[in-house]
Amino acid sequence: MSATAHPELSVRSFLARDYGLLDWLTTRDHKRIAILYALGITFFFFLGGVAATLIRFNLVEPQGAIMSAETYNKTFTFHGVVMVWFFLIPSIPATLGNFLLPLMIGARDVAFPRLNLASWYLYIGGGLFTIAALLAGGVDTGWTFYTPFSTMFSNSNVFLVVIGVFITGFSSIFTGLNFIVTVHSLRTRGMHWFRLPLFVWGIYATSLVMVLATPVLAMTLALIGLERGLGVGVFDPALGGDPLLFQHLFWFYSHPAVYIMILPAMGVASEIITCFVRRRIFGYRFMTYSMLAIAVIGFLVWGHHMFVAGQSVYASTLFSLLSFIVAVPSAIKVFNWTATLRKGDISFEAPMLYALGFVGLFMLGGLTGLILAAPALDIPLTDTYFVIAHFHYVMVGGSVMAYLGGIHYWWPKITGWLYPEGWARFAAILMFFGFNLTFFPQYLLGYEGMPRRYFSYLPEFQLLNILSSAGASILAVGYLMPALYLLWSLRYGRAAGNNPWDARGLEWQTSSPPPKENFLSPPVVREPYAYHEAAP
Amino acid sequence: MSAVAESVPARGETVSVEEQYDDAVQQREAATLGMWVFLATEILFFGVLFASYTICRVLYPLGFAEASRHTDMLLGTAETAVLLISSSLIALAVRAIKLDERRPAVILMCATALLGASFLVMHGFEYHDEYQEHLIPGIDFQQTGPHVRAVELFFCLYYFITGFHSVHVFIGVCVIGTLAVRVARGTFGPQRYTTLELAALYWHLVDIVWIFVYPVIYLVGRSG
């Protein structure tokens with residue numbers, strides 16, 4: 001990176017000096033650790049993307065175009081494991097969260113910088129270990145590792161992969177712990193709780209979920225490992241164990257985990273929308289309380305993944321009811337974003353296109369979630385492409401869109417350079433269309449009864465599958481574009497200046513890129529989103 | 001305080017504040033909160049094991065009662081006593097260091113670590129006895145009777161829970177032993193004791209978890 005050539009880059013920039021690989025690998029600066037995470041996450045995203053491309057390519061033909069059924073099983077497992085644990089979970093919290101959280105609260109770093117670096121090593125170590133195990137032999141259980149298949153019948157590398165995910169789980173736990181303590185104890189003078197930007201609230205709520213849910217996953221995976229390694233355990237029905245217990249424990253983590261993925265995305269969208277409408281967020285307190293409500297109620301809905309698993313009808317009714325309740329705070333957020341937009345002076349810069357895409361796609365994903373929360377509708381739709389489409393609308397249309405929006409929005413702050421706006425808008429629009437073309441047909445396929453995870457399908461589903469695969473190729477081009485023009489901007493981009501969007505967050509009061517200690521003079525703290533006032 | 005003591009900082013009176021903190025108070029509060037959050041994650045780690053135990057015991061009440069009678073209640077009770085005493089000793093050690101009584105603090109901490117170590121030794125004896133009685137699932141499990149499956153399940157959970165707990169005890173013994181050396185060297189004092197306090201918090205958690213382990217493992221089948 002040619003950082004010193006930048007006119008506004010003082011030698012104090014966190015990117016200047018100490019260029020060596022070893023300096024980066026031993027850094028305790030939250031901003032550099034964020035960039036380390038971004039590199040890892042991008043790597044895993046493209047690996048998972050390759051698997052997705054192969055899946056879609058194979059599904060062009062009803063009998064499979066390129067791979068055997070066994071390879072197909074391993075490919076979708078690869079896609080799920082990599083995308084969930086090595087991309088979506090750490091994506092916004094570990095990159096944007098790490099970079100921005102201390103800046104937004106006016107702190108010099110996170111509370112435990114060494115632990116922060118250790119978390120990255122756990123993440124990257126667990127990730128590479130898992131990838132190695134997935135490539136050398138693979139796993140065919142799906143990312144959910146359901147017992148008793150995973151413990152008794154699967155002849156694949158389940159043991160190694162659960163170890164990899166187990167290790168990475170600690171990265172999540174320590175990151176969450178670090179962020180909780182940072183928000184509690186390192187807020188600068190005047191930054192009281194209801195002046196925190198909604199991104200910080202999103203990261204805070206996420207961290208609570210990370211800290212309280214991930215240990216359950218780690219322990220459950222350890223039990224799977226013990227059961228496979230030693231042939232002893234509590235899930236094996238041959239030993240009198242209960243395979244359903246695994247599903248309960250797994251979803252006790254994995255449902256809250258989708259809130260780990262979406263809550264930070266909601267924070268990003270709130271920052272971007274207010275900036276490009278030049279307004280306060282509508283209903284700030286409602287936004288904060290709804291984030292916390294999602295984090296809390298999110299722990300009580302896991303049973304809606306088990307409507308057909310044989311749980312009692314009373315449990316299903318209760319889980320269904322709670323799943324409807326968790327939709328209320330999510331809806332509050334969508335209403336508040338639209339109310340913020342209403343009669344606003346909206347400018348459609350690239351980050352805003354991503355944020356608007358996020359709101360629309362999240363809403364579609366959320367509304368189909370309500371359909372799946374009702375047992376009467378869920379039972380026929382269980383394990384069909386309707387479910388696939390639902391969670392890809394939330395996870396890809398929601399989280400990935402918001403992640404990319406956030407990367408664009410804060411790119412000038414992180415690097416000091418502006419990306420080419422025209423290309424960025426084009427990529428955002430291309431992704432939106434590519435995404436809908438990929439996943440909307442899957443709603444229809446699921447409604448017509450095409451089951452997920454099947455290698456082959458009935459010939460009458462072929463047209464919609466071809467449409468979906470065509471959309472996937474557009475989406476792939478859309479994802480490659482930012483990778484190219486963002487790298488291009490590092491060399492040829494225009495200098496961004498400290499506050500290219502005329503935004504109001506504390507992070508825009510320091511230089512771009514920020515100095516190592518974040519602020520050379522203490523930032524001015526006012527209410528968040530003070531777009532009705534001049535910038536300090 | 002004499003002029004000499006001011007110019008040359010006495011033991012345990014200097015606190016190095018890391019650059020992200022404004023002062024020692026903020027640093028202390030952050031470290032304490034961090035420890036409490038960590039303890040919350042620990043409870044969830046153990047929670048999975050206790051939840052699994054609860055489900056299995058509801059499924060097989062008679063088998064679990066029978067299996068529990070195979071455990072060594074005497075040793076279990078002794079372990080409980082040892083751990084409870086050690087937990088109170090480390091609380092006294094923290095109080096001693098706050099009062100700048102270094103020598104009693106070192107003795108109390110060494111006693112804590114020794115009691116922790118003796119807990120592990122007693123567990124070793126228990127595991128040895130169970131090995132001789134062929135009660136170790138996956139390695140050597142030879143039992144008969146109507147509830148043999150449930151007994152095996154119980155002993156799986158027994159090893160998961162006590163094994164995971166013993167790992168915690170082992171880490172605690174190492175940490176407290178190391179800290180005792182540092183206290184003896186004068187690293188800590190009335191102004192600087194956060195690390196000790198956090199180690200004590202951790203040790204109390206290890207203790208509290210055992211308070212739940214003891215009845216569910218050792219006392220289930222003993223009343224009837």
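Predicted model: local features only at pLDDT ≥ 70, side-chain atom pairs only at ≥ 80, totals over all residues.

Me: What does the secondary structure of chain A come to?

Reply: Chain A has 16 helices and 2 strands.

Me: How does the radius of gyration of chain A agree with that of a compact globule?

Reply: The general idea is to compare the value with what the chain length would give. For 536 residues a compact globule would have a radius of gyration near 24 Å, and chain A has 23 Å, so the two agree. The C-alpha trace spans about 65 × 50 × 45 Å along its principal axes, and 57% of the residues in chain A are buried.

Me: Which helices of chain A supply at least two residues of the side that touches chain B?

Reply: One begins with the contacts: 31 residues of chain A meet 28 residues of chain B. Helix 7 (158-185), helix 8 (198-230) and helix 9 (243-277) of chain A each supply at least two residues of that side. Helix 8 gives the most, with 8 residues. By class, this side of chain A has 21 nonpolar, 7 polar and 3 charged residues.

Me: At what angle do helix 4 and helix 8 of chain A pack?

Reply: Helix 4 (residues 91-104) and helix 8 of chain A pack at about 125°, their axes 10 Å apart. That angle makes helix 4 oblique to helix 8. The crossing is left-handed. Among the contact residues are G97(A) and L101(A) of helix 4, and V200(A) and I203(A) of helix 8. The contact's residues divide into 7 nonpolar, 2 polar and no charged.

Terms used:
Residues numbered from 1 in each chain as written. Chains lettered and ligands numbered in written order. Helix = DSSP H or I, 4+ residues; strand = E, 2+ residues; numbered from the N terminus. Rg over C-alpha atoms; globule rule 2.2 N^0.38 Å. Buried ≥ 20, exposed ≤ 12 C-beta atoms within 10 Å, placed from the backbone. Contact = placed C-beta atoms within 7 Å. Nonpolar A, V, L, I, M, F, W, Y, C, P; charged D, E, K, R; others polar. Axes fitted to C-alpha atoms, helices over the stretch in contact; angles between N-to-C directions. Parallel < 35°, antiparallel > 145°, perpendicular 65-115°, else oblique. Left-handed = near helix turned anticlockwise from the far one by under 90°.
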